[in-house]
There are 2 protein chains.
Amino acid sequence: MGELVFVGLGLDDEKGISLKGLEEAETADAVFIESYTSLMPNFSIENFKRLVGRAVQFVSRRQLEDEGGKAILEAAEKGKAVLLVPGDPLIATTHLALRLEAEKRGIKTRVVHGASIVSAVMGLCGLHNYKFGKSVTIPFPENFSETPYTVLAQNMRLGLHTLCFLDLDVEKNRYLTVRKALEMLLRVEEKKRNEVVTGETLAVGVARAGSVNPTVKADFVRELLSYDFGGPPYSLVFPGKLHFMEAEALIAFAKAPLSVRRLVE
Amino acid sequence: MGELVFVGLGLDDEKGISLKGLEEAETADAVFIESYTSLMPNFSIENFKRLVGRAVQFVSRRQLEDEGGKAILEAAEKGKAVLLVPGDPLIATTHLALRLEAEKRGIKTRVVHGASIVSAVMGLCGLHNYKFGKSVTIPFPENFSETPYTVLAQNMRLGLHTLCFLDLDVEKNRYLTVRKALEMLLRVEEKKRNEVVTGETLAVGVARAGSVNPTVKADFVRELLSYDFGGPPYSLVFPGKLHFMEAEALIAFAKAPLSVRRLVE
């Protein structure tokens, strides 16, 4: 009986993988890669193949979700299969479903972790990780939802920070921008009038976390709406209650206006 | 003017570092390492020095916190200094303070991310990351606090999962165990009687996340109290409302009793 090893690719490019992750790929009988659950903007499959020194089979969303990762499971029944995934594995539900199916078939599974957008964004903003509440994904406009607003309102009431993932469709090269995400929240605000997200609300936009040139910009929503974040992927953070050191960090690392000092509680 | 690069070592051993992190260390003018903010049980500084092919200076808690990382800042003023830290950098407040001080002195700073205990534990349990609320550290008994109980009560009321970091003192080789952490929560329960943590509460203990042999065990508190988790470090997760797939994941990956299926809402 074989095994299935989930290996995290970390962030941004082919060098985000850990040394042990690379070793797992080098010693596997079959290596698969999916690259649609997150965008790694500077990842080159050709460079990666050179690094690992072997063939790597690309799996699409269709193969992984509609066909249940059949090819991967078959390879894992015969020998050691490695599935390379952006970020840290098992953060996406898709990988969890595949791992469950593998275990059901008696295939042993293991995980080699990678850097995740979750801790990367928290660290880049300089906000304390233990003060983050529930996180939420802001969907594309055609999937309009009030949920992000509701989650944000709940966290704010509790004084907690909120990490928002902005929707993406890597296969279609489509990314929700910070501006569009803010506009959706403002649209709900207009209806609810709870003063959760207004032009005066502080937020932090993050683009290309984990790359050599991430953009991290804190400002009031009204200003962020027209800020140029450069290329994707994007995240958005709404700070809750600020510790004085967090305010200083936002000023130093996220170019926040000095007036955020007045928000310290 | 120089720069200071924070590089995450990832989890467990010297091969948790990313390829780009290793490159940063190889090309630095001075390399420092701190190993007290988290435990990497199988990390060998000798193996790491061989890997990176150069001298690495160890910095203690005293040097980093009491002396403000003076040696690191001085090296970063002259050239490129790298500070290697367990997990993902800037999750610990200490690193944030050092980064702030560096920026204040006009030293450029960058971050190369690593796998973090935060996303690793969420993934290993098979629980959905966006359903985690505020996280909390459970302190050693001599620093008894009701805060963990309060945070847990708040998350449970909202149906959210709670990630608890268990206190550690790597320099003194001392680690709060799952049992001791549960006992502290039960002590608060005895006083408050809010039925937040009782013998019947479901929890997941995780030991050595990121190693080749992590222990992940879900069970009711009364059973977990006597479960042998092996060596440190430890984390503890309290699931909130369970999706049916999360219940199946707890059974498959965390050996939860089949009765958790009855908790699905």
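Reader: What makes about 4400 Å² the area buried between chain B and chain A?

Author: In this predicted model, buried area is the accessible area, taken with a 1.4 Å probe, that two parts lose on being put together, summed over both; for chain B and chain A that comes to about 4400 Å², of which carbon and sulfur atoms give 66%. In chain B, Leu19(B), Lys20(B) and Phe253(B) lose the most area to chain A, together 15% of what that side buries. Local features need pLDDT of at least 70 and side-chain atom pairs count only at pLDDT 80 or more, while totals for chains, interfaces and linings use all residues. Residues are numbered from 1 along each chain as its sequence is written, chains are lettered from A in the order in which they are written, and side-chain values use heavy atoms, with hydrogens and water left out.

Reader: Why is the pair Lys20(B) and Asp13(A) called a salt bridge?

Author: The term requires a side-chain nitrogen of Lys or Arg within 4 Å of a carboxyl oxygen of Asp or Glu; the closest N and O atoms of Lys20(B) and Asp13(A) are 3.1 Å apart, so the pair meets the definition. Between chain B and chain A the count is four salt bridges.

Reader: How do you know how many residues of chain B are in contact with chain A?

Author: Contact means heavy atoms within 4.5 Å, and by that rule 51 residues of chain B are in contact with 51 residues of chain A.
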